[in-house]
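Please read them alongside the sequence and the structure.

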Amino acid sequence: MPEKKILKEEIREIKSFKALKKALGMSPEDVIAEVKASGLRGRGGAGFPCGVKWELAHKAPEREKYLICNADEGEVGTFKDRYLLQKNPFLLLEGMAITAYAIGAKKGIIYLRDEYHCLLEDLEKAIGRCREKGYLKDLEIEIQEGAGAYICGEESALMNSIEGKRGESRFRPPFPPQKGLFQKPTIINNVETLCNVPYIIQEGADWYSAFGTSESKGTKLFCVSGDVKNPGVYEMEMGCRLQELLDLAGAENVKWVQVGGSTGAVIPSGMFQKPLCYESVLGSGAIMVFDGTRDVVDFVYRTLEFLNEESCGKCTPCREGTEVMVEILGRLVNGEGVVEDITALEQLGRVMKDSALCGLGQAAPIPVLDTLAYFKRDYENRISQATLLRNLKAV
Ligand SMILES: Cc1cc2nc3c(=O)[nH]c(=O)nc-3n(C[C@H](O)[C@H](O)[C@H](O)COP(=O)(O)O)c2cc1C
Ligand code: SF4
């Protein structure tokens, strides 16, 4: 399949904004219908249908509504939003203006990752230029910087953070399009999602939905990192094979790939023909490549240490579950593991998946469970080496 480009094809110039002009000539309902027909789904990881969400906010009776652009991009191995913010800020602002018009929001907030402070000045300048040109007549956009917490990329924790509260996830329902920021209807979309919107309006839903698979339309920005010759941001049609991307990035002797960030699926080398799309495996677009020199158990231990550190602590399955997993994995990497540790990790993983409050705790066991499914021998080898050492010491 040839590499197809939409988002990397053209850098939006301030003078164009053709899609916004076209959208303002349509009714908000027609804009939403076009986005629904395009099949656009959220690029932040969860893949929720974009137009469906917008419609809920549009229909909400409150006059005050918010649009939030999620530019937190805290997911490990993800750097595609930075690419868009840096290279194509006018495309994002045009997408935000169209979205705000469709849902009826007069206030937009870009929640910018703490580590992207270096982009703040240029983004503010871009907003100022749009204002001067009259493109943001009905929309006030401000930038709110994060403070470095991974959980604040999760939409409800993000809203708490903007409200000046502790960054922890909220119970749902209510969902943000009903009661979001300051209890008002709110749409939260990822940077990449919003950047797709001008193309959909400009070229039409039929054009856009011709890209991709039945459930995953358009193209996707993938962030390839790790053991590859050419790391970077690649734009591919949805449904491309993982192997194609690995070939483009110059990956060799790959043992496994983690797709979608720190809580993403672990794909072993026999399964690289998997298509990358919502119906198969996707997430945020992070493609972290590990070659044969890497150790599976070390990788899982470090991943869980990160997730334990970043857990907001609000619910027991995640707060305690990640803690216990780190303890067990720590024993395994330190040569103190026992056979029962494997069963304990499997059981705990299943409980966390089913009972944690938000996506962090629900997905935290995925790297553990996936590697136990595909690389159990690596765990068993660690345990048998530890048992051997213990027996030798006892002699
Ligand atoms: C722990 C956690 C971290 C997240 N971090 C981000 C993030 O950095 N950026 C993002 O766009 N979405 C992130 N999300 C997903 C958001 O909660 C939300 O689904 C997304 O912003 C919605 O926008 P979309 O529909 O355009 O994808 C995260 C979710 C979880 C559970
Ligand atoms: S799953 Fe983890 S991050 Fe989410 S609310 Fe529970 S403790 Fe917080």
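How many nonpolar, polar and charged residues does the shell around ligand 1 have?

1. The shell around ligand 1 has 6 nonpolar, 10 polar and 6 charged residues. Here Ala, Val, Leu, Ile, Met, Phe, Trp, Tyr, Cys and Pro count as nonpolar, Asp, Glu, Lys and Arg as charged, and the others, Gly among them, as polar.

2. This is a predicted model, in which local features need pLDDT of at least 70 and side-chain atom pairs count only at pLDDT 80 or more, while totals for chains, interfaces and linings use all residues. Residues are numbered from 1 along each chain as its sequence is written, and chains are lettered from A and ligands numbered from 1 in the order in which they are written.

3. The domain assignment, from an automatic or database source, gives domain 1 (18-209), domain 2 (219-291) and domain 3 (302-394). The C-alpha centres of domain 1 and domain 3 lie 36 Å apart. Contact between these two involves 9 residues of domain 1 and 8 residues of domain 3, a contact being two C-beta atoms, placed from the backbone, within 7 Å. The side of domain 1 that touches domain 3 has 5 nonpolar, 2 polar and 2 charged residues.

4. Around ligand 1 there are 22 residues, of which Gly 42, Gly 44, Gly 153, Asn 190 and Gly 359 come nearest; a residue is near if its C-beta atom, placed from the backbone, lies within 6 Å of the molecule. Strand E4 (186-190) gives the most to this shell, with 3 residues, and H14 also supplies at least two. Helices (H or I, at least four residues) and strands (E, at least two) are DSSP runs, numbered from the N terminus. Because domain 1 and domain 3 both give residues to the shell, ligand 1 lies between them.

5. Ligand 2 has 15 residues around it, and Cys 312, Cys 315, Cys 318, Cys 358 and Gly 361 come nearest. At least two residues of its shell come from each of helix H12 (316-333) and helix H14 (359-363). The shell divides into 8 nonpolar, 4 polar and 3 charged residues. Domain 1 and domain 3 both contribute to the shell, so ligand 2 lies between them.

6. The axes of helix H2 (residues 28-38) and helix H8 (residues 191-203) come within 10 Å and cross at roughly 105°. Axes are lines fitted to C-alpha atoms, for helices over the stretch in contact, with angles from 0 to 180 degrees between N-to-C directions. H2 and H8 are therefore roughly perpendicular, a term covering 65 to 115 degrees. Val 31, Glu 34, Val 35 and Ser 38 of H2 meet Val 197, Ile 200 and Ile 201 of H8.

Definitions and conventions: Angles under 35 degrees count as roughly parallel, over 145 as roughly antiparallel, 65 to 115 as roughly perpendicular and the rest as oblique.
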